[in-house]
Amino acid sequence: MASGGWKPINAAENDKEVEEIGSFAVEEHNKEANAGLSFVRVVGGRTQVVSGTNYDLTISAKDVAGVLGTYEALVWVKPWENFKKLTSFKKV
């Protein structure tokens, strides 16, 4: 696959890996923002091949009061370096 283009995530494909990346995004956001979100699941997303892979995920998470919210997270992953970085995280 050529680098640069965004490709929708197929829910059946990479399910465990995508869920782990979504959970990582919530954990990292909690550390950076001193937040108390709990990861529920990835509801959608897309990937982009760069030097590694960007995951643009739509995540369902609960806040400390148990209220469900939707968030967008961008995570850069380079598996051969065991590297994961949360690039952005916002409520939508």
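Lys90 counts as partly exposed, since its relative accessibility is 49%; buried means under 20% relative accessible area, exposed over 50%, and partly exposed in between (1.4 Å probe, protein chains only). Before the exercises, some ground rules: this is a predicted model, where local features need pLDDT of at least 70 and side-chain atom pairs count only at pLDDT 80 or more, while totals for chains, interfaces and linings use all residues. Residues are numbered from 1 along each chain as its sequence is written, and side-chain values use heavy atoms, with hydrogens and water left out.

**Exercise 1.** Work out the strand order of the open sheet and find its edge strands.

*Solution.* 
- Start with the strands, which are DSSP runs (E, at least two residues) numbered from the N terminus. Two of them pair if DSSP finds at least two bridges between them.
- Reading across, the five strands run β1-β2-β3-β4-β5, with antiparallel pairing.
- The edges are β1 (6-8) and β5 (83-91), each pairing on one side only.
- Neighbouring strands are turned by 25° against each other on average, direction ignored; the axes here are lines fitted to C-alpha atoms, with angles from 0 to 180 degrees between N-to-C directions.

**Exercise 2.** Which residue of β2 does Trp6 stand opposite?

*Solution.* 
- Look at β1 and β2 (residues 38-50), which pair in the antiparallel sense over three bridges.
- Trp6 faces Gln48 in β2.

**Exercise 3.** How many salt bridges does the count come to?

*Solution.* 
- Apply the rule: a side-chain nitrogen of Lys or Arg within 4 Å of a carboxyl oxygen of Asp or Glu.
- The count comes to five.
- One of them joins Arg46 and Asp56, with the closest N and O atoms 2.9 Å apart. Arg46 sits in β2 and Asp56 in β3 (residues 52-62), 10 residues apart, so to speak a link between distant parts of the chain.

**Exercise 4.** Which parts of the chain does the salt bridge between Lys90 and Glu72 tie together?

*Solution.* 
- The two side chains meet at 3.8 Å, N to O.
- Lys90 lies in β5 and Glu72 in β4 (residues 68-78), so the pair ties together parts 18 residues apart in sequence.
- Glu72 is partly exposed, with a relative accessible area of 29%.

**Exercise 5.** In the salt bridge of Glu81 with Lys78, is Lys78 buried or exposed?

*Solution.* 
- The closest N and O atoms are 3.4 Å apart.
- Lys78 is buried because its relative accessible area is 12%.
- Glu81, at 46% relative accessibility, counts as partly exposed.

Notes
Helices (H or I, at least four residues) and strands (E, at least two) are DSSP runs, numbered from the N terminus.
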